[in-house]
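This report looks at a charged side chain, the sheet around it and a pair of rings. Please keep the sequence and the model in view while reading.

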Amino acid sequence: MEMINAIGRRKASVARIYLTKGDGKIVVNGKDYKTYFPQPHIQANLTDPFSTVDIESSIYDLKVNVSGGGFKGQSEAIRMGIARALVKLNEDFRKPLKDKKYLRRDARVVERKKYGKPKARKSFQFSKR
């Protein structure tokens, strides 16, 4: 098996995934994923696609380059990229990953600030007199 690459996006984050045969190392921006993402619920985002298709993550090595956004957006971008790479690996994985919505780009982003307002929708206190 050669290297399989895929891209995942979420909010302002873009993740490039490189999947190869190996012994289960997940490296994010040159660090182990457990040091890059210290929170356990964020680490679970990275391993969810593997558990969804019932294969051990210890068979494949992942090299991830991710940029932009915060840690949650980055982890969800990585999750989407891993799901896309697994579909390239085996087309039978498409249905369970699609059912969990790991292949869909979540388009929700922060609404822009409007002029004359302190935030996007918040208004200053109204005074009648």
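## Surroundings of Asp61

In this predicted model, the side chain of Asp61 reaches the backbone nitrogen of Asp23 at a distance of 3.1 Å. Asp61 belongs to strand β5, which covers residues 60–67, and, once its neighbours within four places in sequence are set aside, its contacts are Tyr18, Leu19, Thr20, Lys21, Gly22, Asp23, Gly24 and Lys25.

Asp61 is buried and yet has no salt bridge.

## Strand order

The sheet that includes β5 is open and built from five strands in the order β1-β2-β5-β3-β4, with mixed pairing. Because β1 (4–10) and β4 (31–32) stand at the edges with a single partner strand each, one side of each is left without a neighbour in the sheet.

Strand β3, made up of residues 26–28, pairs with β4 in the antiparallel sense over two bridges; Val27 has Asp32 in β4 as its bridge partner.

## An aromatic pair

The count of aromatic pairs comes to one. Tyr36 and Phe37 form this pair, which is edge-to-face, with 4.9 Å from centre to centre and 90° between the planes.

Definitions and conventions. Residues numbered from 1 in each chain as written. Predicted model: local features only at pLDDT ≥ 70, side-chain atom pairs only at ≥ 80, totals over all residues. Heavy atoms only, no water. Phe/Tyr/Trp six-rings, centres within 6.5 Å; stacked < 30°, edge-to-face > 60°. Helix = DSSP H or I, 4+ residues; strand = E, 2+ residues; numbered from the N terminus. Buried < 20%, exposed > 50% of the residue type's maximum accessible area, 1.4 Å probe, protein only. Lys, Arg positive; Asp, Glu negative; His and termini not counted. Salt bridge = Lys/Arg side-chain N within 4 Å of Asp/Glu carboxyl O. Polar contact = N/O pair within 3.5 Å; in protein donor to acceptor, adjacent residues only side chain to side chain. Contact = heavy atoms within 4.5 Å. Pairing = 2+ DSSP bridges.
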